Amino acid sequence: MRSLHALLITLAAALCGGDALAEQRFPPPDFSPGYSMPVTEAQGAPARDDARGYIDAAALAAALALASYLALGRRSRRGLVVLGIASLAYFGFYRHGCICPIGAIQNVVLAIADSGYALPLTAAIFFALPLLFTLFFGRAFCAAVCPLGAIQDIVLVSPVAVPGWLARALGLVPFVYLGAAVLLVAMGSTFLICRYDPFVGFFRLSAGLDLTIFGASLLVIGVFVGRPYCRFLCPYGALLGLVSRLSWRRVRITPAECIQCRLCEDSCPFGAITTPSPETPPARRAGKTALALTLLALPVVIGLGALAGRALSPAFAHTHATIRLAERVWLEDAGRVDGTTDQSDAFRATGLSTDDLYLAAGAVRAGFDTGTTLLGAFVGLVIGATLLRISLRRKRTEYEADPALCVACGRCYRYCPVEIDRRKKLEQAEGRAEQDDGSA
Amino acid sequence: MADHETKPIPRRGFMRAAARAACALGIGGGAAYLIAPRAPGERVWQIDPAKCIACGNCATYCVLRESAVKCVHSFAMCGYCELCTGFFNPAPNDLTTAAENVLCPTGAIVRRFVEDPYFEYTIDRDLCIGCGKCVKGCTMFGNSSLYLQVGHDRCLNCNQCSIAAACPAEAWVRVPAARPYLWKKVT
């Protein structure tokens, strides 16, 4: 009987008030003394304290310092491999690859775009520290600290050379990716870099089918093509490449004078070794003409990029939840589609007017129009700058590592006879020192 | 730097050093600027219960095999009904805890008799998978005292939460780690 009563109340409640969410349909009961109500808040475990983040930041700093020393001071490929595996184990599999400097770009952009978001200290450290280290010691972060780099470095067993023109063209992709990621965060769409991180699914041992296929194919390609994600996708690598042009110390293939033996020429799986300039330089006049033409073409390329970006605005805008919702609601209201989605149901449950939704969507669209135009212009600028770099020639006397492309993996050291000689002497000296210690 | 001595004009080196210093200042200063004026501190993900529509995505989109999202119960809001629409499925054969009568797919809601006619409902967090079926039932016909919250003992705090990306109601928000739950206010 009582159950029937309750059922009637339920039905009545269902009939009168559908949308009043927090309404107390049933009054709180009058318990006789003796009943102690459980505490709701006891159901919430505290968030992990900041200490974890600071330990990660300290580990990052230590790994960066060690990687810089191993790459530039000790010049030890073996040491870098060991450190890389350790970083892969800690930052990758143990800490599940989150937070990482690549993703931290987005936190920084969000902090700039959204005044309500405070940049967490760990995200700030993860973003800034590798950049600062690169500024002084080259891309040691890529060499042995980044778990994404390490996992690709390990699978690289049979490197083939990517043709120069292709490598250069694909090298533009990271800048496009960086620009797109910045735009999507600034507009409040999504964290693109994290969503399509190819390896984080492996680190967590759980990934969707699409990202598993993406990550696995990158690893398969990575067996033959050195570090495909780092070179042709990684947006943080694009930043590090820019910064490393200014680096104070950087990888020098030979520890002393280059003897032009050419043994290191093919040792770099990342195509980062630049050869000395030819003995007879090409005609100065032709070079100047090419440079002038490129400079003239620069504004045109930027303008074309801006136009192309503007044309892609609707596609980019579609990443934004408000745009998708407004489109869906419009289609439903116009009777073009049957049924509703969770999104449109949730929107209608809020009781907001569709006009407000369309206004909000319009504002987002306008933002994307500006944003994609800027993104297009930026891509144009990157293309133009690459063309300029091609037409500029610097005289080189030795085999050098291009600072922007070199990830300081240390493979080339082993090919340099001067280096091998140095190492031999070093080992002899160390051996002698040990003998001295033993006798003393 | 050894290059300096070999280069005929040290101007390039000087310019690089200046640019390097400017870059270092820019990176350090920029990061400090973004942290300093606001309350620093980690952010964690949480569900705004006022926006949540209990669609069920929380159970399936989490990168963890078993979602970090769990149901919580606001006891002070609960009516302690015998016929709890968060506990029983819409057409129960009988008001017993037999599996065919209850909504929860994992039997995570524990029903306990308190006194006539009141029953207390508590969530067994080890069994709860965050599917929100009970939340939907409680919200549609009851006091809406059951709702979903991210359990921070489990949440990995991914930079881009997979569930947040799949949430149809934009109910996922970043909250300060010091106050990581959005408890419903008891009216």
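Contact here means heavy atoms within 4.5 Å. Keep that in mind for the first residue. And one caution: this is a predicted model.

Let's start with A:Y229. What does A:Y229 touch, leaving aside residues up to four places away in sequence? The list runs: A:I102, A:L148, A:Q152, A:Y177, A:I193, A:P198, A:F199, A:L218, A:C234 and A:P235.

Now step back to the core. The largest nonpolar core has 96 residues. A:Y229 is among those with the most contacts inside it, along with A:I102, A:F141 and A:Y236. Which element gives this core its largest share? That is helix 5 of chain A, residues 121-137, with 9 residues. In soluble globular proteins, nonpolar side chains tend to be buried together.

Next, charges. How many salt bridges does the structure hold over all chains? The count is 18. I'll take a few.

A:D153 and A:R227 meet through their side chains, at 2.9 Å from N to O. This pair links distant parts of the chain. A:D153 sits in helix 7, residues 147-155 of chain A. A:R227 sits in the loop between helix 12 (209-224) and helix 13 (228-232) of chain A. They are 74 residues apart. Buried or exposed, A:D153 and A:R227? Both are buried.

Then A:R348 with A:E332. Their closest N and O atoms are 2.5 Å apart. Again, distant parts of the chain are linked: A:R348 is in helix 18 (residues 342-350) of chain A, and A:E332 is in helix 17 (residues 321-333) of chain A. The separation is 16 residues. A:E332 has 11% relative accessibility, so it counts as buried, because the cut-off is under 20%. A:R348 has 35%, so it counts as partly exposed.

A:R396, at 22% relative accessibility, is partly exposed. So is A:E400, at 26%.

Salt bridges also form a network. It links A:R75, A:E419, A:R422 and A:R423.

On to the rings. A search of the whole structure finds 20 aromatic pairs over all chains. Take A:F136 and A:F137. Their ring centres are 6.5 Å apart and their planes stand at 50°, so the pair is tilted. A:F136 is partly exposed, at 31% relative accessible area. A:F137 is partly exposed too, at 28%.

Now chain B. The ring centres of B:F87 and B:Y121 are 5.4 Å apart, with planes at 45°, so this pair is also tilted. Where do the two residues lie? B:F87 is in the loop between strand 2 (69-73) and strand 3 (109-115) of chain B, and B:Y121 is in strand 4 (residues 118-123) of chain B, so the pair ties together parts 34 residues apart in sequence. B:F87 is buried, at 4% relative accessibility. B:Y121 is buried as well, with a relative accessible area of 2%.

One aromatic cluster draws on chains A and B. Its members are A:F31, A:Y35, B:Y80 and B:Y118.

Last topic: charges over rings. B:R111 lies over the face of B:F119, 3.9 Å from the ring centre. The charged end of B:R174 sits over the ring of A:F191, at 4.7 Å from its centre.

That's my tour. Thanks.

Technical notes. Residues are numbered from 1 along each chain as its sequence is written. Chains are lettered from A and ligands numbered from 1 in the order in which they are written. This is a predicted model: local features need pLDDT of at least 70, side-chain atom pairs count only at pLDDT 80 or more; totals for chains, interfaces and linings use all residues. Side-chain values use heavy atoms; hydrogens and water are left out. A salt bridge is a side-chain nitrogen of Lys or Arg within 4 Å of a carboxyl oxygen of Asp or Glu. Helices (H or I, at least four residues) and strands (E, at least two) are DSSP runs, numbered from the N terminus. Buried means under 20% relative accessible area, exposed over 50%, partly exposed in between (1.4 Å probe, protein chains only). Rings of Phe, Tyr and Trp (its six-membered ring) pair if their centres lie within 6.5 Å; planes under 30 degrees apart count as stacked, over 60 as edge-to-face and the rest as tilted. A charge sits over a ring if NZ of Lys or CZ of Arg is within 6 Å of the ring centre and within 35 degrees of the ring normal. A nonpolar core is a set of buried Ala, Val, Leu, Ile, Met, Phe, Trp, Tyr and Cys residues joined through side-chain atoms within 4.5 Å.
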